[in-house]
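Here is a short briefing for someone meeting this structure for the first time. Please look over the sequence and the model, then read the points below.

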Amino acid sequence: TPPAPPRLEVIDLTVRFAGLTALDGVSFAVEPGSIHAVIGPNGAGKSTCFNVLSGVYRATSGSVRLGERELTGLAPERIAALGVARTFQNLALSDHATVADTMLLGRHRLTRTGFLAAGLRLPSAVREEARHHERMREIAAFLGLERYLGVPAGILPYGLQKLVELGRALCMEPEVLLLDEPIAGMTPTERRHVAGVIAAVRENLGVSVLLVEHDMGVVMRLADTVTVLDFGRRIAHGDPERVQNDPEVARAYLGT
Ligand code: ADP
Ligand code: MG
């Protein structure tokens, strides 16, 4: 089994936009090798939380830590390089790049060989390239994408594009994977497949997963821990069973 990834910790996080508090002192931790779900009604602050974790938004106050390391204020590329990879809620894959090339983009952060060595096709660069391809193929097989590797990513059905996006993130060999609504807009068959893949990512790759998802059934089946946000505040936290039976959570979803 792979070594346990570091703990990802969100500490007293506040994000204000002009006149609006999107996150208000939110704290939680993604334990090593667990699946942690963040749920809540529309506008609760879930995507904002993701955007701070991945360096896209800046926190007004509070911090994010990966193990002992402070991630607050780092650029997205730097956070990705430290092992926190994300997928996007609304993605747009290229009509020109193949599935293979799109997934290989995720391996850029791992490339040690310099640009010059690669350009001259030195043996070290060629070997490294071969390793990248091999790993990319393994991940494609894991996701059931092998037969699409030569196809332009942008022409695939939406559900398969979401899988390619997941493959690109996995190619970065992340320690923590952030998934923003990974099964939204999918057919029931695709949802089952992706839910299985997420479980397998944790099980077989030992990666921690932080998941934002609307489908309560999937959240309850997959997650070890659930954090519920409403109007930027954490209103409930704990194991799925407990959270599901929390009257505060029911109130938030019913909007009463
Ligand atoms: P969720 O993902 O839970 O639906 P979001 O995090 O997207 O919620 O949004 C939380 C609140 O913050 C909403 O009121 C939204 O309009 C606001 N918000 C999100 N991003 C921005 C932004 N870049 N500028 C201004 N307001 C934003
Ligand atoms: Mg959102």
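In helix α6, the buried residues are Leu 160, Lys 162, Leu 163, Val 164, Glu 165, Leu 166, Gly 167, Arg 168, Ala 169 and Leu 170. Buried means that 20 or more other C-beta atoms, placed from the backbone, lie within 10 Å of the residue's own; 12 or fewer means exposed, and in between is partly exposed. The model is predicted: local features need pLDDT of at least 70, side-chain atom pairs count only at pLDDT 80 or more, and totals for chains, interfaces and linings use all residues. Residues are numbered from 1 along each chain as its sequence is written, while chains are lettered from A and ligands numbered from 1 in the order in which they are written.

**Helix α6**
- α6 is mostly covered, with 10 of its 13 residues buried.
- The cover over these buried residues includes β6 (84–86), α3 (99–105), α5 (123–143), β7 (176–180) and α7 (188–205). Contact here means C-beta atoms, placed from the backbone, within 7 Å.
- Helices (H or I, at least four residues) and strands (E, at least two) are DSSP runs, numbered from the N terminus.
- α6 covers residues 158–170, and its end C-alpha atoms are 18 Å apart, which agrees with the 18 Å that its 13 residues should span at 1.5 Å a residue. The expected span is 1.5 Å times one less than the number of residues.

**The sheet**
- Four strands form an open antiparallel sheet in the order β2-β1-β4-β5. Its edge strands, β2 and β5 (69–70), each pair on one side only.
- Strands pair if DSSP finds at least two bridges between them. β1 (residues 8–17) and β4 (residues 61–66) pair in the antiparallel sense over 5 bridges.
- Thr 14 has Ser 61 in β4 as its bridge partner.

**Helix α1**
- α1 packs on the sheet and touches β1, β2 and β4; its direction makes about 65° with that of β2. Axes are lines fitted to C-alpha atoms, for helices over the stretch in contact, and angles run from 0 to 180 degrees between N-to-C directions.
- α1 is largely enclosed by the rest of the structure, because 6 of its 8 residues are buried.
- Those buried are Lys 46, Thr 48, Cys 49, Phe 50, Val 52 and Leu 53.
- Gly 55 follows α1 and has a positive phi, near 85°.

**Ligand 1**
- Residues around ligand 1 include Phe 17, Leu 20, Asn 42 and Lys 46. Each has its C-beta atom, placed from the backbone, within 6 Å of the ligand.
- β2 (20–30) and α1 (46–53) each supply at least two shell residues. α1 gives the most, with 3 residues.

Key:
Contact = placed C-beta atoms within 7 Å.
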